Amino acid sequence: MTDDALLDEVAQLIIEALHLEDLSASDIDPDAPLFGEGLGLDSIDALELALAISQRYGVQLSSDDPNLMKVLGSLRNLCDHIRARTA
Amino acid sequence: MRSRVHDPLYLLAILGFWTWIFVSLAFGALLLALFANAFWWSAVTNLIDYAIIALVFVPEYAVRRRVLTEEEHSGFFDYVRGLLRSGLQPNGRPAMKTLGAMQSIMPGFRPGGILVWRNGEPLTHGRFIGQVLALAQSMPEVRCAINLCEDRHLFLLALCACLVRGSRCLLPPDRLANTIEQVAAGNPGALCISDTPVPDLSLPLWTLGEPDAAEEDIGTLPEIPYERECLVAFTSGSTGRPQPHPKRWGDLMLGAVLAARRFGIRAETTLIATVHAQHMYGLELSIMVPLAVGAATESSRPFFPADVRRALGQVPAPRVLVTTPVHLTACAGSAIDWPAIDFAISATAPLSAEQARFAEGRMGTRVFEIYGCTEAGSLASRRTGDGPVWRWYDTVKATPTDSGTLVEGDFLPAPVPLADILEFEEGGFRLLGRSREMLKVAGKRASLADLNLKLTGIPGVVDGVFVAPEEEGLEVRRLAAIVVAPCLGRESLLQELRRVIDPVFLPRPLVFVDSLPRNEAGKLPRRRLLQLIGRQSDTESGPDGAPC
């Protein structure tokens, strides 16, 4: 899958999993922060997002991962993480 | 559940009872015929009759009084064992001996027992008490301390050191700097104790690090008077300020004993909790139960399902997961192989029977729920997949009044009014709903009045109101808000809100309007508010950067 296709797919997954239906995939800036400011997601969203990613890609997010903050930092980092774990 | 009829001891006792009645009557008649005064003989036989009645029917009475579950009452000896273990009298009230034991800092103390598992390493009761006494000596002298520790081992240390020193432990409802400062303002001179930094906090913070490996201390345990108000839990309240709820030490310990007893949590059990130790539910199950009955607690607060799996894997069975519907559903939905979990407990928000059965199937466990509130602690439980009826804890009595339900219990110093609407039925109750003004999002409680005060308290907000979009039901997914703030942009308003309210209450959607649709009485008709948030696509774009 190309980078852009995965970005689009994960953006769509975020919108569906977190009920952000008033957004479209193109509204999510791949480099903007997902949590806190930026998209404004919170810890409950993080849990729901982790579940959706686990179900779709079989990738588990874990607090033990030293890169967790970076992985959840932006859509692009999240996609890189998924690609690295599913490769 | 085993039927009583198949219990051989019970059958034998019943048979013996009737045989004895028959035999004693026959002998009584015979003796009366042979001797003029058979008083002593009949007294002896009567005494034996009473003994048998006590053997057979007292356990039956105990089940009816909910001192014993029917499973525990499979025989007389199990009954006696159950009573001895619980420290309760047959009428369900705590024995005086038990009340005395509640005055210890750790009623569940056993020299070799394990209190905490941390990264797979056990910490014994004796070593823990050694650490507590050492910390109590080095701690600054204060009247009260705000315990912000996230690690359960350090939380326990700070709590118990405060107990030894006679300082009150304050537990704010969240970790926002604003909330902590409000709690501190109400308790001048309070010391903040934490193991991790708190962003934006303007108060001095006493950082609690990993304690030195203390010596085992199995001398006399520090005694804490039953009546001492040693701890204060807070709710967000409806006045814009956290509302304090002081707790007495003995009540906390007794409540924990009753909770442990309801679920069969024993000294061998290890509790793994995804909830904060500062929240009443997390406090009771992951802190007070271990102290009261000598069970162990896992020190971390696992967040993602993979974290929960790791924490479970690092402790021995029997394991009990203490969690919330959001975490339980995420864990059950993840493709993870779970180790043996004795059972899971969920609280803070209602779990549906489907969610519970799904989690039971996927995680190979049993799922129970606790009903309670910060004011009273846990009060009732149910196995969610079995039906909607909740069963009160031992000693809890609920009375319907005109203004709602009042609960009493041996672990409550005074009757507590409940914010929920209950329907009573045989042996328990059903939960019908929550009083209109109170709501819950993702297990966190708030009142609309409080949120509205915080919203309108933000500089630049002329008027504003939070709206719970769901018509009925107990749990709100997300709140919406409608604001009049001509000079504020969406981003800056959200940023200000983030400082004063928990992120789960941040409005989604947030609608900007020129004025709120107040009617002649100044009230806001709910229908009009719902229309406004439904029409959000038209008004979605706030006046970002509007000149002012």
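In chain B, nine strands come together as an open sheet with mixed pairing, and their order is β2-β1-β10-β9-β11-β12-β13-β14-β15. The sheet ends at β2 (121–124) and β15 (391–392) of chain B, the edge strands, each of which pairs on one side only. Keep in mind that this is a predicted model. Chain A, for its part, has four helices and zero strands.

**The sheet in chain B**

- As a reminder, strands in a sheet pair through backbone hydrogen bonds, in either a parallel or an antiparallel way.
- At the β15 end, β14 (residues 377–383) of chain B and β15(B) run antiparallel to each other, and two bridges make up the pairing.
- If you want to find that pairing on screen, look for A380(B), which sits opposite W392(B) of β15(B).

**Helices lying across the sheet**

- Helix α8 (residues 249–263) of chain B lies across β12 (343–346), β13 (366–373) and β14 of chain B.
- The angle between α8(B) and β14(B) is about 5 degrees.
- Helix α12 (residues 353–363) of chain B also lies across β12 and β13 of chain B, and α12(B) runs at about 135 degrees to β13(B).

**Chain A on its own**

- Going along the sequence, the pattern of chain A is simply α-α-α-α.
- How does the radius of gyration of chain A sit with that of a compact globule, and why? Chain A has 12 Å, and a compact globule of 87 residues would come out near 12 Å, so the two agree.
- The C-alpha trace of chain A spans about 30 × 30 × 20 Å along its principal axes.
- Buried residues make up 31% of the 87 in chain A.
- Among contacts in chain A with a separation of 6 or more, 57% come from residues 24 or more positions apart.

**Where the chains meet**

- The contact draws 16 residues from chain A and 20 residues from chain B.
- On the side of chain A that touches chain B, you'll find five nonpolar, seven polar and four charged residues.

- One cis peptide bond links A317(B) to P318(B), with omega at about -5 degrees. P318(B) is in the loop between α10 (305–313) and β11 (319–323) of chain B.
- Another cis bond runs from R508(B) to P509(B), where omega is near 10 degrees. You can find P509(B) in the loop between α14 (490–500) and β26 (510–512) of chain B.
- N119(B) isn't a glycine, yet its phi is positive, near 45 degrees. N119(B) belongs to the loop between β1 (114–118) and β2 of chain B.
- T395(B) is another non-glycine residue with a positive phi, about 75 degrees here. Its place is the loop between β15 and β16 (397–401) of chain B.
- Is N119(B) buried or exposed? N119(B) counts as exposed because it has 10 C-beta neighbours inside 10 Å, and the cut-off for exposed is 12 or fewer.
- And T395(B), buried or exposed? T395(B) is buried because 21 other C-beta atoms lie within 10 Å, and buried takes 20 or more.

How values were computed. Residues numbered from 1 in each chain as written. Chains lettered and ligands numbered in written order. Predicted model: local features only at pLDDT ≥ 70, side-chain atom pairs only at ≥ 80, totals over all residues. Pairing = 2+ DSSP bridges. Contact = placed C-beta atoms within 7 Å. Axes fitted to C-alpha atoms, helices over the stretch in contact; angles between N-to-C directions. Nonpolar A, V, L, I, M, F, W, Y, C, P; charged D, E, K, R; others polar. Rg over C-alpha atoms; globule rule 2.2 N^0.38 Å.
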